[in-house]
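Here's a pair of exercises on how two chains of a model meet. Have a look at the structure, then work through the solutions.

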Number of protein chains: 4
Amino acid sequence: MCRFVVYSGPEIPLENIVILPRHSLLDQSQHASEAKLAVNGDGFGMAWYGDQDRPGLYRDVLPAWSDGNLVDLCRMIRSRLFLAHIRASTFGETSRNNCHPFTYGNWSFMHNGEIADFPRLRRRFEAMLGDAYYAARRGRTDSELFFLLLLTNGLQEDPHEAVVQTIAQIEAAQGEVARGNRITATFSDGHTTHAFRYSGSDDIPTLYHGSGMDHGGQVLASEPLDPNTGTWTMLEAGRLYSLNKGALTHRPLSG
Amino acid sequence: MCRFVVYSGPEIPLENIVILPRHSLLDQSQHASEAKLAVNGDGFGMAWYGDQDRPGLYRDVLPAWSDGNLVDLCRMIRSRLFLAHIRASTFGETSRNNCHPFTYGNWSFMHNGEIADFPRLRRRFEAMLGDAYYAARRGRTDSELFFLLLLTNGLQEDPHEAVVQTIAQIEAAQGEVARGNRITATFSDGHTTHAFRYSGSDDIPTLYHGSGMDHGGQVLASEPLDPNTGTWTMLEAGRLYSLNKGALTHRPLSG
Amino acid sequence: MCRFVVYSGPEIPLENIVILPRHSLLDQSQHASEAKLAVNGDGFGMAWYGDQDRPGLYRDVLPAWSDGNLVDLCRMIRSRLFLAHIRASTFGETSRNNCHPFTYGNWSFMHNGEIADFPRLRRRFEAMLGDAYYAARRGRTDSELFFLLLLTNGLQEDPHEAVVQTIAQIEAAQGEVARGNRITATFSDGHTTHAFRYSGSDDIPTLYHGSGMDHGGQVLASEPLDPNTGTWTMLEAGRLYSLNKGALTHRPLSG
Amino acid sequence: MCRFVVYSGPEIPLENIVILPRHSLLDQSQHASEAKLAVNGDGFGMAWYGDQDRPGLYRDVLPAWSDGNLVDLCRMIRSRLFLAHIRASTFGETSRNNCHPFTYGNWSFMHNGEIADFPRLRRRFEAMLGDAYYAARRGRTDSELFFLLLLTNGLQEDPHEAVVQTIAQIEAAQGEVARGNRITATFSDGHTTHAFRYSGSDDIPTLYHGSGMDHGGQVLASEPLDPNTGTWTMLEAGRLYSLNKGALTHRPLSG
């Protein structure tokens, strides 16, 4: 289980989301309230978009709360679209390559949850990857695998179709155990940000849409960053949400 | 607030204390039950005695639970006397130099708690250090400072006197704020291991003596390592306990 | 011995100085050509100025060449005034607190060289620090000490006087051994950048002023970043150089 | 290009090989004399055998020269058979999972050199791995891949046959580019230690057998640890050397 947040809106310092709110991601690293584990200390990372297509990427294996660099980077770096993640590992060592976000070209991706029976099925899943995406794999997590499968399945052309197809492929390989899937993910091309909650059961990691905060932007977050500020709505499971220029649309993943 | 454990007895692999017990130090790093903070993820360290007078020292800034090396070192290294510590920092960055144990020659030292008003009084305390111990200071913690003050006050000749004098000096410099002191410490010369709990109020970090476990040794630990195995007794505050060749003696710090 | 570079001019990505030039600081980390040691692998750091008075600070203990984050940060962060440093340690462990630049409020500082006999004289030097600067000391290096002495001696009011006085104090404490001093330093308040080379003998670490590069800015660097581009002039020893709005002025340190 | 050393003989502290000799592995990390790169600062590691079948493993991403823990571990740990390695990376990030030695059960493995055209052929090589060894892959290096291929090809039953078959498989996949292979490897089951030098051209990384040192053991090392002590012989290419109970035997890899 992990915690994450994406911001989209007017350019602001990253600290306005990652550090300063009462229940910021930094606070959640020690005191997550809606996760199975209160502590998310197995590394962190963030990706942010600037003038170039390709986002910047900063990841480290320390807990977010002990990285002095993180505080200064979040104070100095401003962005109109950024993703940040703190990790509580389920599979895969604590190494930078296993930390989120994952990036590929202009795309960035974060995940919270787990693909059921992943250690046993890893080889089979990796065999499904397109060559370019196989070559791009740097770690061993189910999260990076999911991202590279999305890319293999045409994320760059049709995100909705890519998600639907990737989940179908994974479930087909899993059979019965698919019930154990718990996947909440978000990803962006630098302009539109997508997110969904999906699970094989009723147990689905939380994901909120937040708006109405003073910076004027919008947020997709595992937990509300501040219960007293802004409006927070839990996203429905089984739908792909897309946030672009301040408008949040959604579409069912099935049917 | 931190958690620690010292072992003295027949030579055993460190993992028998640090990793394997149900409520081992590794377990306490995520689930401490008698500390103000359940998480002790700001680094860890251990010191162990072998054939030489000088103990080995291993410290790192990662949380104990993410250091793959730690597990293997604890499986392979055997010792008759060792100290292990997990840190939840109060003052001083997360750096190896601020991790416990601290060592000097054949002596090793660990601490849990805090010296009241330390940031304001640091310079004054450091001015009390003997030259050799001033030169040996590598970090900024109140813990290392306390150890070096003990050494300055004759730890190598008379541990009881050194503790009494060091506390008196510190209290004299503090005045009123001495009430805020909360110090539970343990230290060893490689043969005798000492420990005490001291506080300016009723709020004193816990410290247990454990015996009767199957390895035949004895333990001084912040929390019982396994409620179902061995005998665990909370040590009284205000007394200096000394463990040598299986015998635990004690003597009041005052009077 | 270390290597460093300061840039002042139009806002550019840090990579234009730190990563991309043929003999960039990253290249110097493995192949310094005018230093006693070709390898500067004991950590690195950079400070950069933006809209706020206080610069951002990023330091790590890895060699610059193995930090994947460094490349991305330098690609994304743009600044009109920044300092970058790679370390080859003489005294003080490889820890973030011993990495340059050092910062205090709006000031930043980097150093290359050594204060003679520092381990023996450290206590005496630290006793000269003003209380606020003593409290700000986080590491053990002669470099940070020099910076905090400059601040104690009025760096914020009169940089020239602060340098002259600090060197005089140090030499007075050293006596004969002052001959062993080798100090090349640079520091900035976010607007004016100062630098000097000073030594007790003929052996003084190099420092170049570079201009005429295509980004239109100016550079103070341990080694020319590219022998084929721009104009590189070795700065004279014993003078304080000051770079402000593209104008480089200087004034003798003595007499 | 990397540097490594294996020791087999009477139990000695690791420092007698890794730290203390005039041209120890620690010295080679900054001043390798027979490698393409003088600096091997992209992490290090060591594996050592004790009472259990499975060796201990310690690896980190810091340069060997900046890891304070390394010195103490080498001073305290004694072993009759150990491997140590310093890395200068060719492919694969600086992460613990990409550091040597690699271990599997009671086997340990180190490598110096490169498999030609590896980035392009990685997927093909990984497809050759047995399921258990595919699951055991944690990094991305050609070195770990070679080790897991050896295991797939029966290393545990017949090391000579496993090496011959693995090289043949790799060359078959490579075709023309096989000329670029440069592989010097060593591996042990905790009793017998094997080593070979192999290349598709005349350019083969060095490997020496050392004996006659005062500790009475034998060494296989990239470079002689001390030109003035012991007898050092360059091993011939194209032969598998096996060291067991002080006897060094060898057998051609081909024919």
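**Exercise 1.** Work out how many residue pairs are in polar contact across the interface of chain A and chain C, and which elements of chain A take part in that interface.

*Solution.* Start with the pairs: the rule finds 12 residue pairs in polar contact between chain A and chain C, both residues at pLDDT 80 or more. (A polar contact is a pair of N or O atoms within 3.5 Å; within protein, one must be able to donate a hydrogen and the other to accept it, and residues adjacent in sequence count only if both atoms are side-chain atoms.) Next, the elements: strand E3 (56-60) and helix H3 (68-76) of chain A each give at least two residues to the side that touches chain C. (These are DSSP runs numbered from the N terminus, helices being H or I with at least four residues and strands E with at least two.) H3(A) has the largest share, 6 residues.

Keep in mind that this is a predicted model, where local features need pLDDT of at least 70, side-chain atom pairs count only at pLDDT 80 or more, and totals for chains, interfaces and linings use all residues. Residues are numbered from 1 along each chain as written, chains are lettered from A in the order written, and side-chain values use heavy atoms, without hydrogens or water.

**Exercise 2.** How does the interface of chain A compare with that of chain C?

*Solution.* 100% of the interface residues of chain A are also interface residues in chain C, so the copies meet through the same surface.

Conventions. Contact means heavy atoms within 4.5 Å.
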